[in-house]
Amino acid sequence: MTQAVKLFYRYGFAEKELFRTCAQCFDGLAISAQMLAYTESTVYATLMTAVQEGRPLPFFIDPMTYVFARRIDNLRIDRKIKKSFKQLMSEYGPLIADCAQKGELLPDQFLDPNGKINNSLVLQMAVHVLNFERNKLNTFTTKSSLPKYAKILKRTPPTTQLSPSFLVAPYFYWGSRNDPYYGINLALSRTADSSKGDMQLFAVLCFSKELLVDENVLAEVVKDYAGFDGYLIWVSGLDEESTLHSYILGLRSFIKKLSEYKKPIYSLYGGYLMSILSKFGLSGFCTGICYGAYKDVDAQATTGGGQERYYLPVIHLKRMESNLRLSLSVSANNVGLLCDCDVCDSIKEDLSKSLPMPARGYVDQFFNSLGSRKNSFREHFVRARHQETLAIEKETIPEIVARLKVEALEVDNADPPPALPPPFQNPLTSGHLRDWSLLLS
Ligand SMILES: [Zn+2]
């Protein structure tokens with residue numbers, strides 16, 4: 001039996017109630033720096049309420065610095081930089097604040113006239129970012145005069161400080177070891193490490209998936225990054241469902257190698273594949289609730305929203321609710337693929353009082369009911385994911401392989417949905433389950 005894979009959810013305003021009701025289903029929060037910069041009061045209230053209720057939520061802050069070295073237009077919505085990022089830019093010192101007018105950071109800006117990395121500039125950025133992570137929540141408590149938070153503050157012992165579990169070094173994406181940002185990232189990580197004081201500091205390795213097939217380069221990367229308290233990894237754009245087999249194998253061997261340092265390794269994004277990789281040295285991963293299983297560094301900022309997606313445990317992926325309504329309602333056999341977490345079971349129980357299971361309309365009623373209960377899609381996701389991580393913790397590698405094969409067969413044996421025009425796509429696919437099982441054998 002391996003150590004349980006740790007699950008960090010991305011902090012989001014819409015999810016804050018769930019962090020309370022499902023506190024036992026996850027291990028902590030990953031708070032994106034722009035969210036903290038822009039909505040510090042609600043982040044503060046969420047964390048402090050948890051302290052007062054005797055179940056403090058471990059958390060860390062993702063400094064998100066990479067966005068300032070990609071196209072600044074990625075941060076714009078309707079031609080304006082998203083307010084949360086604008087606020088963050090003002091927190092990170094002049095170099096980043098200037099990006100709003102001057103565009104993204106270029107590697108040359110980190111070099112001195114001799115072409116060497118400008119150490120004082122790197123130090124300046126590391127200090128700005130680490131101070132933000134360390135102090136943002138606590139400086140808020142001293143300047144707050146909002147009555148809503150004054151009540152929380154009154155109930156809180158004056159010495160209560162909200163401290164992240166570890167600091168995260170500022171980071172940039174690199175496409176190869178020759179990319180100038182590779183050296184800049186390493187310099188930032190080492191400088192941050194020497195400025196961490198009495199806290200732990202994790203370095204971030206955010207890179208192109210193409211590198212996963214280059215075992216020699218990744219071995220050098222692991223050597224370069226010796227000596228940190230822990231690691232956050234992010235393979236940009238690695239979609240667990242459709243990724244190449246060689247990428248998965250590369251990721252597995254990279255994690256194995258990095259884990260020889262015996263320090264925690266968390267993936268900044270991920271889904272079920274990351275739970276499996278806990279068997280090869282990954283300590284945990286972060287995800288949004290119902291979003292954020294993978295991310296590309298060049299993703300455009302969004303306002304969120306969109307159609308509900310339901311996490312279907314048998315395929316370990318989320319699917320559009322509208323597609324599932326069509327494919328699961330085909331037969332009683334398909335209805336059996338619905339989840340059996342507490343949330344889904346309680347809906348099924350209510351339905352069975354009025355409707356025998358294979359009846360027409362059962363699946364529609366199931367989803368109508370799920371949609372009408374506040375936060376149900378999300379709570380189902382959190383509970384289903386929790387069940388999965390508990391199961392993986394107990395399973396051996398051969399047991400996981402066998403189970404993935406059974407699940408793939410179950411999906412293959414489902415009755416086919418009617419042929420429908422796009423955008424309908426049959427959500428019941430099994431190829432990725434077989435790919436993942438190969439990763440283990
Ligand atoms: Zn469920």
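This is a predicted model: local features need pLDDT of at least 70, side-chain atom pairs count only at pLDDT 80 or more; totals for chains, interfaces and linings use all residues.
**Domains.** I looked up the domain assignment first. It gives domain 1 (6-287) and domain 2 (309-440). I took the centres over C-alpha atoms and found 32 Å between domain 1 and domain 2. I then checked the contacts across the two. On the domain 1 side 20 residues take part, and they meet 20 residues of domain 2. Which helices supply at least two residues each to the side of domain 1 that touches domain 2? I noted α1 (16-21), α11 (245-258) and α12 (272-277). I sorted the residues of that side by type: ten are nonpolar, four polar and six charged.

**Core.** Next I turned to the largest nonpolar core, which has 122 residues. The members that touch the most other members are L29, I31, V168, A169, F202, Y231 and L232. Setting aside neighbours within four places in sequence, I found L232 in contact with V168, F202, V204, Y266 and L268. In soluble globular proteins, nonpolar side chains tend to be buried together.

**Helix α3.** I finished with α3, which covers residues 40-52 and has 13 residues. From first C-alpha to last I got 18 Å, close to the 18 Å expected at 1.5 Å a residue. Which residues of α3 are buried? I listed V43, Y44, T46, L47 and M48. An α-helix has 3.6 residues a turn, so residues three or four places apart point the same way. Just after α3, I noted a positive phi of about 75 degrees at G54.

Note on methods:
Residues are numbered from 1 along each chain as its sequence is written. Helices (H or I, at least four residues) and strands (E, at least two) are DSSP runs, numbered from the N terminus. The expected span of a helix is 1.5 Å times one less than its number of residues. A residue is buried if 20 or more other C-beta atoms lie within 10 Å of its own, exposed if 12 or fewer, and partly exposed in between; C-beta atoms are placed from the backbone. A nonpolar core is a set of buried Ala, Val, Leu, Ile, Met, Phe, Trp, Tyr and Cys residues joined through C-beta atoms within 7 Å. Two residues are in contact if their C-beta atoms, placed from the backbone, lie within 7 Å. Domain bounds come from an automatic or database domain assignment. Ala, Val, Leu, Ile, Met, Phe, Trp, Tyr, Cys and Pro count as nonpolar, Asp, Glu, Lys and Arg as charged, and the others, Gly among them, as polar.
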